[in-house]
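Please look at the sequence and the model together as I speak.

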Amino acid sequence: MDAQTCLKKMQLAGTLSLATVDENGAPQIRCVSAVHYESRAIYFLTARGKEMARQLMADGRVQTLVHTRFNEMIRMSGVATPALDSEQVYWRDVIYAEQPYLANVYPGDTRDINIIFKVENIVLDYFNLGVRPIERAVFTLDEDMASAPVKGFRIDSDACIGCGTCLEHSPQKCIEPGDSYRIEPEHCLHCGACEENCPVGAVERL
């Protein structure tokens, strides 16, 4: 799996359930199908008067989650800002060409009420429950971005006594045995069973 394949799978899903943040810091979610995908950014369309546009102008954080027929989950997190004024019409026309139904929603010049947002600083979390052991990975689209935050658990090699209790309780058996056991992050569910059952507290949350 890689970042561009994740984007293709999101595109095949069609409509995105896109979450924004309102003025009280609460998540607000709605369906968005007027989306265009580029290799390092995503563009989508809404109307300037909508609550969604107002929320994005105040706090551009967005997140969406796609679930495929193969039990893969792809979560996209990023920051949305209005596309440049000089590019608004261009990207609007691109999206209208890809989504012809929009001409029925905003016919003729009424489409001028639309505003295009560009999502950047994208982090993609890939989680495949359809294989065993499960697979997970984190990707960023922008090479200039800092690495995505590491999540899950690790085993402190200095504290581990090599008893194997963590492996015994791991649903996916994603722990490599040895003098000091090691969690395989690409197969870890992040369920916390290893942390709860370690007799010496050697498992740490990242």
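Which residues does L206 touch, not counting residues up to four places away in sequence? Please note that this model is predicted. The contacts of L206 are V150, K151, G152, F153 and R154. L206 lies in the segment after β12, which spans 203–205. In sequence, L206 and F153 are 53 residues apart, yet their C-alpha atoms are 5.3 Å apart in space. L206 counts as partly exposed, at 45% relative accessibility.

Let us turn to the interior. In soluble globular proteins, nonpolar side chains tend to be buried together. Here, the largest nonpolar core holds 27 residues. Those with the most contacts inside this core are M10, I42, F44, M76, V119 and L124. Elements that each supply at least two core residues include the helices α1 (3–13) and α2 (51–58), and the strands β4 (42–47) and β6 (72–82). The greatest contribution to this core comes from β7, with 6 residues.

Consider F44 in particular. Leaving aside residues up to four places away in sequence, F44 touches, among others, L18, M52, L56, A80, I95 and V119.

Finally, I come to the cysteines. How many disulfides does a search of the whole structure find? The search finds 0. For C6, the nearest cysteine sulfur belongs to C188 and is 18 Å away. C6 is buried, with a relative accessible area of 0%. C191 is also in no disulfide; its nearest cysteine sulfur, that of C194, is 6.4 Å away. A disulfide requires the two sulfur atoms to be within 2.5 Å. C191 is partly exposed, at 46% relative accessibility.

Note on methods: Residues numbered from 1 in each chain as written. Predicted model: local features only at pLDDT ≥ 70, side-chain atom pairs only at ≥ 80, totals over all residues. Heavy atoms only, no water. Core = buried A, V, L, I, M, F, W, Y, C linked by side-chain atoms within 4.5 Å. Buried < 20%, exposed > 50% of the residue type's maximum accessible area, 1.4 Å probe, protein only. Helix = DSSP H or I, 4+ residues; strand = E, 2+ residues; numbered from the N terminus. Contact = heavy atoms within 4.5 Å.
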